[in-house]
Amino acid sequence: MKLTVIGSGYVGLVTGVCLADTGNDVVGLDQDASKVEMLNRGECVIFEPGLGEILRSNMSAGRLRFTTDKPAAIRHGDVIFIAVGTPPKDNGEPDLRAVYAVGDDIATHADRPKIVVIKSTVPVGTGDELQARLDRRARVRCTVVNNPEFLKEGSAVADFQKPDRVIIGASDAEAAAAISELHEPFIRNQRPVYTMARAAAEMTKYAANACLAARISFINQIANVCDALGIDVNDVRRGIGSDSRIGFQFLYPGAGYGGSCFPKDIQGLIHVARRAGVQADLLESVHQVNLRQRQLLFNRISSRFEGDVKGKTVAIWGVSFKPRTDDIREAPAVVLIEQLLEAGATVRAHDPEALGNLRGRFGDRVVYCASAYAALDAADALAICTEWNEFRSPDFQEMRKRMRRPIIFDGRNLYSLDTMRRQGFEYFGIGRASSPAAQTGPTNPADTPAAAQNREGCVR
Ligand SMILES: NC(=O)c1ccc[n+]([C@@H]2O[C@H](COP(=O)([O-])OP(=O)(O)OC[C@H]3O[C@@H](n4cnc5c(N)ncnc54)[C@H](O)[C@@H]3O)[C@@H](O)[C@H]2O)c1
């Protein structure tokens, strides 16, 4: 089938690449000319495991190319996917300008009937509004379908190729059947395809993300109670997660959820509920708990240093909002770095993939370190914000040697309390009854922040 995917970001690129890989003829359209140039050179513009290889093999096979040429791209596809961003406005309402702008482009350039598939996450009613605009403006029949995307950054290719389910929101049976057929190669393991009303599909995506976000805020709140009462939340987590009605997924306490979806979609759903005249107090609490949770690491650091963070050096391990991605949108680490810099601290950051994006955000205000250990040089504390595998079993002796003070604020609960005690770290986890009573090692006087700036692989 001839397909066009508009927007070559995390969702659009994965969609286009995976659909080319099953034999479709795909054109990716993006307004960002530099992105399109890179993609046409076979360079993957995002870090997503496995994506680059499939991108290049399908480009070589002639089934996939990228362009900024709107009219040509829109004429190409019998099916046109819309995968542009829907960021929140200041009031939390999703900004749909890009979706409607793309709709208007389709109306202008469509030369034969098209199926227009909204992959972007959009509020209930967006499909109807887009359909009405297309009906008014297009010369040919354009049928709008909602087909929300559930991929997770970090395992996006696998998620797309083996979805838990496919949701198709359509009022036109023929259009629904065409989109279902496109997904057939991915659901051979008996995964269900649910066809429903467009509004129900839009709501399903929001409800799924809200449910996951609620679990995270729930366990974070439980963790904070545990912390205050001297209980290790890990025991509690195991105790409740082994109940088959509850399960373990999304029950890991941490420094708050981030990324381009949960924070935005919770606010989007609150907006949808309010517009429908429904009180959204549970959803509002999920959001508020998360905003507070993202302050937790800074508050702990500040209180450990008695409110005097100025002049302290803080190492940060992990800045992406989760492992296996370079995406730093709404990442807890970004919130923490902002607060540390504001308070006058020096920040030395390491992340296996996301330092480029961090530099785009903070410029020379942060010291960027090529290795996790280099980030620790002369640090007064380490804050762990992302659970990359490489942080799970570090050489604790090496860490102690490099740090000025052996203090760890662990926003991902990577280490056991026993290990931390044995290794002589002052350790603050999330909901771990973190106690400054753990052995505190001596300050390492040989190290100064200035000396640390220029060591191995660290640059501003
Ligand atoms: N990132 C995820 O994990 C994820 C998962 C599921 C759903 N979603 C949803 O998918 C949508 C896209 O998210 P993303 O993370 O891929 O966004 P993104 O910001 O990574 O990519 C969006 C792309 O669209 C392009 N674009 C914007 N306006 C355009 C226009 N008028 N014409 C052509 N190109 C245009 C941008 O240049 C960019 O490359 C959002 O609604 C998001 O909520 C994202």
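The C-alpha centres of domain 1 and domain 2 lie 33 Å apart. Domain 1 covers residues 2-196 and domain 2 covers residues 197-460, with bounds that come from an automatic or database domain assignment. This is a predicted model, in which local features need pLDDT of at least 70 and side-chain atom pairs count only at pLDDT 80 or more, while totals for chains, interfaces and linings use all residues. Residues are numbered from 1 along each chain as its sequence is written.

Between the two domains, 30 residues of domain 1 are in contact with 26 residues of domain 2; two residues are in contact if their C-beta atoms, placed from the backbone, lie within 7 Å. On the domain 1 side, the elements that give two or more residues are helix H6 (126-137) and strand S7 (166-169). Such elements are DSSP runs numbered from the N terminus, helices being H or I with at least four residues and strands E with at least two. This side of domain 1 comprises 16 nonpolar, 10 polar and 4 charged residues, where Ala, Val, Leu, Ile, Met, Phe, Trp, Tyr, Cys and Pro count as nonpolar, Asp, Glu, Lys and Arg as charged, and the others, Gly among them, as polar.

A pair of helices may be considered next. The axes of helix H12 (residues 281-304) and helix H13 (residues 332-342) come within 9 Å and cross at roughly 45°. Axes are lines fitted to C-alpha atoms, for helices over the stretch in contact, and angles run from 0 to 180 degrees between N-to-C directions. H12 and H13 are therefore oblique to each other, a class left after angles under 35 degrees (roughly parallel), over 145 (roughly antiparallel) and 65 to 115 (roughly perpendicular). H12 contributes Arg-294, Leu-297 and Phe-298 to the contact, and H13 contributes Pro-332, Val-335, Leu-336, Gln-339 and Leu-340.
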